[in-house]
Amino acid sequence: MDITKASIGDLEGTTIIFENYRIFYRKSPDIEGSTAFLKERLTNQDSVIYIAKDGTGQITGFTQLYPSFTSTRLNKTWILNDLYVEKSHRGKGISKALISRAKKLVTETKAHGLLLETERDNQVANQLYVSTGFQLEPNNFYYWEA
């Protein structure tokens, strides 16, 4: 397994796995929208995407992180917004490797930490995050949609 930072040259393969991720979260397929969205992220460098590739070069997982700030801690922080591994490649340590690379980004950028959310009933993800050192915060989470 190889973990690398995605570039515009990885757009096609990254879009495919990104679409699988969106479908996992019950979103309608939109390959054109996903391609445009990821192309903009990669071109503007307003997110960091790490991809995991197997020995054949196939993308088997990815994580996407967005920079943010924490006012109370007077520092940068990262939002681990997306993490996904293809079903056929789960149980091979890919998620943990992607999380490890995300943690390295935090250290490299001298940020405070990583923030993430997942669905309460996503047992696998909830166990994964605890096993990799994340702590469940008691804060309420609200969202306003335009």
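Here is a working chat about a predicted model.

Biologist: Ground rules before we start?
Modeller: This is a predicted model, where local features need pLDDT of at least 70, side-chain atom pairs count only at pLDDT 80 or more, and totals for chains, interfaces and linings use all residues. Residues are numbered from 1 along each chain as its sequence is written, and side-chain values use heavy atoms, with hydrogens and water left out.

Biologist: How many aromatic pairs does the structure hold?
Modeller: It holds 9. Rings of Phe, Tyr and Trp (its six-membered ring) pair if their centres lie within 6.5 Å. Planes under 30 degrees apart count as stacked, over 60 as edge-to-face, and the rest as tilted.

Biologist: What kind of pair do Phe 18 and Tyr 21 make?
Modeller: A tilted one, because the centres are 6.2 Å apart and the planes are at 35°.

Biologist: Where do Phe 18 and Tyr 21 lie?
Modeller: Both lie in helix α1, residues 11–24. They are 3 residues apart, about one turn of the helix. Helices here are DSSP runs (H or I, at least four residues), strands are runs of E (at least two), and both are numbered from the N terminus.

Biologist: Is Phe 18 buried or exposed?
Modeller: Buried, at 6% relative accessibility. Tyr 21 is buried as well, at 11%. Buried means under 20% relative accessible area, exposed over 50%, and partly exposed in between (1.4 Å probe, protein chains only).

Biologist: And why is the pair of Tyr 21 and Tyr 25 edge-to-face?
Modeller: Their planes are at 70°, so the pair gets that label; the centres are 5.4 Å apart.

Biologist: Which residues form the aromatic cluster?
Modeller: Phe 18, Tyr 21, Phe 24, Tyr 25, Phe 37, Phe 62 and Tyr 84.

Biologist: What sits over the ring of Phe 37?
Modeller: The charged end of Arg 41, 4.6 Å from the ring centre. The rule is NZ of Lys or CZ of Arg within 6 Å of the ring centre and within 35 degrees of the ring normal.

Biologist: Back to α1. What about Glu 19?
Modeller: Glu 19 lies in that helix. It is buried, with a relative accessible area of 5%.

Biologist: What does the side chain of Glu 19 reach?
Modeller: The backbone nitrogen of Asp 30, at 2.8 Å. Leaving aside neighbours within four places in sequence, Glu 19 is in contact (heavy atoms within 4.5 Å) with Pro 29, Asp 30, Ile 31 and Ser 34.

Biologist: New topic: the sheet. What is the strand order?
Modeller: β1-β2-β3-β4-β5, in an open sheet of 5 strands with mixed pairing. The edge strands are β1 (2–5) and β5, as each pairs on one side only. Two strands pair if DSSP finds at least two bridges between them.

Biologist: How do β3 and β4 pair?
Modeller: In the antiparallel sense, over 10 bridges. Strand β3 covers residues 59–70 and strand β4 covers residues 75–85. Ser 68 has Thr 77 in β4 as its bridge partner.

Biologist: What's in the hairpin of β3 and β4?
Modeller: There are 4 residues between the strands, and Leu 74 takes a positive phi near 50°.

Biologist: And β4 with β5, parallel or antiparallel?
Modeller: Parallel, over 2 bridges, with β5 at residues 114–115. Trp 78 stands opposite Leu 114, and Ile 79 stands opposite Leu 115.

Biologist: Last one. Where is Ala 36 found?
Modeller: In helix α2, residues 31–44. Ala 36 is partly exposed, at 47% relative accessibility. From Phe 18, Ala 36 is 18 residues away in sequence and 12 Å away in space, C-alpha to C-alpha.

Technical notes:
Polar contact = N/O pair within 3.5 Å; in protein donor to acceptor, adjacent residues only side chain to side chain.
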